[in-house]
Amino acid sequence: MLGIIQGITEFLPISSSAHLILAPIVMGWSDQGIAFDLAVHLGTLLAVMLYFYRDIKRIAQDSFTSAKHRQFIGQGRLGLFLLIGTLPAAVAGLLLLDLIDNQLRSIELICFTTLFFGLLLGWADWRPNRNRHIDTLNWKDALLIGLAQAVSLIPGTSRSGATITAGLLLGLNREAASRFSFLLAIPITALAASAKLVDVAVSDVDLNWLSFAIGAITAFITALTAIHLFLKWLNHFGLWPYVIYRVFLATVIYFLLIK
């Protein structure tokens, strides 16, 4: 069940971290542990890499060629911008991981971030003049979207929600903002999975391979489905269904778990 929750919410702008914190509290389940975190990170990483395989291959090839010839070729510029966009969250994760894991997981904070960043997403989607395509990105855009990704380390914010919001506020259209957000998920998810792998390796955790496999596979299948349906329905329904859901979720959190 947690693998399904992670897979669905990881790439939708509704915050996977909030749902993974709230679900055990509501259902009375024990903490899932670092082995589960590693499993679902691997599952969602594999899903986004498979879905954007052609994009990744072209960006990697063009980035290598650009570096070799010392000038941008094809998608080489986008490869650089993905690197720039990854740095803020990578640095913030290294410096503030203990604070995030231990101090910023309160129900009150999750309620606030769920509501606030949900409304911010709705405002960004409502604003006019969002007609920029992904090939108009510059390094400042990449850095600002990367800073939004760093802010999303706070539970309840949503990584995809924060980065899509930043892209929309910078004038990108929905498709461009979402595509850059999903591509930006690949390096940061790989770093998160690597960190979890180190934690598992140095800990005394007795890895339950069956549970590990179930978590990874369910996260992979549901994440792959969520990415496909999100992009398919994006221009039909926009982002407001997720805004409405976040307002509803924040209301439920407040009246059920806080008040």
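Guide: Welcome! A residue is called buried when its relative accessible area is under 20%, exposed when that area is over 50%, and partly exposed in between (1.4 Å probe, protein chains only). The model is predicted, so local features need pLDDT of at least 70 and side-chain atom pairs count only at pLDDT 80 or more, while totals for chains, interfaces and linings use all residues. Residues are numbered from 1 along each chain as its sequence is written, and side-chain values use heavy atoms, leaving out hydrogens and water.

Visitor: What is the mean pLDDT of the chain?

Guide: On this scale of predictor's confidence in each residue, from 0 to 100, the chain has a mean of 91, and 99% of its residues reach 70 or more. Helix α7 (residues 139-151) has the highest confidence, at 97, and helix α2 (residues 16-27) the lowest, at a mean of 86. Helices here are DSSP runs (H or I, at least four residues; strands are E, at least two), numbered from the N terminus.

Visitor: Why is Phe64 called exposed?

Guide: Its relative accessible area is 61%, and the cut-off for exposed is over 50%, so Phe64 is exposed. Phe64 sits in helix α4, and its C-alpha atom is separated by 24 Å from that of Ala177, 113 residues apart along the chain.

Visitor: How do you know what span α4 should have?

Guide: The expected span is 1.5 Å times one less than the number of residues. For the 17 residues of α4 (residues 53-69) that gives 24 Å, and the end C-alpha atoms are 24 Å apart, which agrees. Ile59, Asp62 and Ser66 are the buried residues of α4. They cover an arc of only 75° around the axis, which puts them on the same side of α4; the arc is that of the directions from the helix axis to the C-beta atoms. On the other side, Phe64, Ala67 and Lys68 are exposed.

Visitor: Which helices do the buried residues of α4 pack against?

Guide: They pack against α5 (76-103) and α9 (174-202), where contact means heavy atoms within 4.5 Å. After α4 comes Arg70, whose phi is positive, near 60°.

Visitor: What puts the buried residues of α11 on the same side?

Guide: Tyr242, Val243, Arg246, Leu249, Ala250 and Ile253 are buried in α11. Their arc around the axis is only 125°, which puts them on the same side of α11. Ile244, Phe248, Phe255 and Leu256 are exposed on the other side. The buried residues of α11 pack against α2, α6 (107-126) and α10 (209-237).
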